[in-house]
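This report covers one residue and its surroundings, then the chain as a whole. Please have the sequence and the model open while reading.

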Amino acid sequence: MLRRQSFGRICAAGAIAVLMPLTLTGAPAVARDNARTGTSPVAAPVRIQAAAVPLDRLSVSTTQVASGLQRPTAIFAPDDGSGRLLITEKPGTVRVYHPSTGLDPAPLLDITDRVSVSGNERGLLGIVTSPGFTASRALYVAYTSLPDGALTLSRFTLDTPGQHPVPAAREQILLTQPHIEFGNHNGGQLAFGPDGYLYWSLGDGGGADDVLNSGQNLNTLLGKILRLDVGRACTPLAYCVPTGNPFVGVANARPEIWAYGLRNPWRFSFDPNDGSLWIADVGQGTFEEVNHLPAGRAGANLGWSCREGTQVFNQARCPAGATFVEPVFTYRTSVDGCAIIGGHVYRGQQYADIAAGTYLATDYCSGTGFAIRPGSGGAYASRALGELTIQPTTLGLDAAGEIYLANDLPGQLHRVSFAALPPPLACAVTYRVDAQWGTGFTATLTLTNTGTQPVNGWTVSWAFAGNQRAGTFWNASGSQQGGTVTARNANWNGAVAPGASVSFGFLASGSGPNPPPTAFTLNGSPCA
């Protein structure tokens with residue numbers, strides 16, 4: 001759905017991130033639009049206290065709850081009290097998952113007869129139901145349509161909220177954007193904002209290097225996030241343009257545009273706590289990035305294809321006097337992954353004490369879980385939390401705000417869990433490579449108890465950054481799973497008094513660079 005043209009590689013998980021402060025201006029347009037369009041204001045969300053656990057003590061894991069999906073692309077939970085999840089599949093079907101009954105074998109909706117799946121990134125890409133679904137009963141989908149891959153936004157009106165299946169003949173096409181030149185960069189996220197309007201992301205038209213010059217061109221919908229009033233029709237359109245949209249009445253600009261300068265905003269989401277907008281934009285080949293806009297921030301320019309991440313990509317595409325939104329998080333493509341999968345700010349109840357206010361994203365190649373949390377003064381904290389699962393394509397929320405993840409070719413659905421790591425311990429580890437040759441090396445680790453209490457039994461763990469594989473250990477027993485090595489005390493050296501040290505070593509295989517580990521844990525806690 002989102003890999004760039006040169007992909008096919010599987011990247012190693014990484015933890016390097018570049019953090020930039022977000023500096024934005026602009027008055028919220030929510031109240032102004034409600035007054036002009038008659039839209040009922042959305043009730044203020046319940047505020048949840050920010051998590052007390054810092055990111056360096058937060059861990060994340062996944063539990064598989066279903067399988068048998070065909071290249072899942074999006075997850076959404078309707079607000080109808082059913083507890084179900086709607087999951088889009090790339091070929092053009094919508095499946096239903098319920099925690100108590102599992103994955104329904106019969107599709108809720110089947111529009112495979114009109115969905116183009118040519119190339120890797122086309123297909124049924126997004127889904128959302130209208131707010132107050134029990135009364136409105138409107139289901140919206142975004143897909144690439146036959147015969148030429150046009151980006152298509154459609155609505156299906158149900159007889160009852162639980163109608164199953166939804167008749168494909170009920171489709172009402174609301175808006176299309178031609179996308180014939182290339183099969184990639186389709187965007188496809190749908191979400192209703194806190195203002196009651198529907199937001200839709202579209203990629204820049206595909207190819208490479210923004211060959212269609214879409215990102216900074218306001219006269220095309222490509223490379224944009226749109227804001228639409230789908231509750232009304234404004235002839236000759238099947239929707240209305242909110243009067244507060246930033247380019248209403250601007251010459252040579254499409255009035256549907258809310259934000260621009262995007263390459264492939266595969267996934268974006270709103271924080272229900274403050275209405276802010278988180279946008280993950282898949283990079284060209286240098287940076288993957290996440291942008292964060294406050295509620296009501298209209299007309300934001302995210303930079304593409306003048307910029308990629310924090311750097312200039314094509315100076316010729318930089319409009320004179322333009323102001324760009326700085327990303328709040330970036331990581332290096334081909335180092336820490338290949339294509340960012342945008343996620344959600346956690347506002348559920350189960351892990352509120354440790355993860356509330358944390359934005360979780362991942363990457364298609366590395367599967368790394370990236371946590372981002374706004375701080376004071378415009379700063380953002382971030383951390384790589386480890387691998388979630390292979391080939392993740394989408395993160396979604398259930399009705400209670402708990403996070404789910406689906407992955408591509410495995411076709412699985414996973415539930416995401418958070419946990420708090422133990423607090424740091426007073427310890428220090430020194431790591432020394434004693435000998436190194438073309439295919440391996442030996443190393444010695446020394447653990448020092450820098451605290452005031454004795455250590456009775458120790459387990460030291462670390463992660464290798466390269467292809468090193470630890471084998472034979474001495475003065476310890478050890479093993480390695482993936483890149484993580486675990487060494488446990490022998491039966492004669494488990495006690496380490498305050499101020500004392502214990503050493504152990506190992507033989508490892510490995511070729512190429514052999515950088516030392518950057519962090520160690522003792523009995524599950526980081527050394528500090």
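This is a predicted model: local features need pLDDT of at least 70, side-chain atom pairs count only at pLDDT 80 or more; totals for chains, interfaces and linings use all residues.

The side chain of Gln189 makes a polar contact of 3.0 Å with the side chain of Arg267. Arg267 is also among the residues in contact with Gln189 when neighbours within four places in sequence are left aside. Those contacts include Trp266 and Phe268, on either side of Arg267 in the numbering, and a run made up of Tyr199, Trp200 and Ser201.

## Fold and dimensions

The protein chain contains 3 helices and 39 strands. Its radius of gyration is 25 Å, close to the 24 Å given by the globule rule for 528 residues, so the chain is as compact as a globular protein of that length. Along the principal axes, the C-alpha atoms of the protein chain fill a box of roughly 85 × 55 × 40 Å.

Of contacts between residues at least 6 apart in sequence, 61% join residues at least 24 apart.

Buried residues make up 55% of the 528 in the protein chain. The accessible surface of the chain is about 20400 Å², and carbon and sulfur atoms account for 54% of that surface.

Terms used:
Residues are numbered from 1 along each chain as its sequence is written. Side-chain values use heavy atoms; hydrogens and water are left out. A polar contact is a pair of N or O atoms within 3.5 Å; within protein, one must be able to donate a hydrogen and the other to accept it, and residues adjacent in sequence count only if both atoms are side-chain atoms. Contact means heavy atoms within 4.5 Å. Helices (H or I, at least four residues) and strands (E, at least two) are DSSP runs, numbered from the N terminus. The radius of gyration is taken over C-alpha atoms; the globule rule is 2.2 Å times the number of residues to the power 0.38. Buried means under 20% relative accessible area, exposed over 50%, partly exposed in between (1.4 Å probe, protein chains only). Accessible areas come from the Shrake-Rupley method with a 1.4 Å probe; for residues, only the protein chains shown count as cover.
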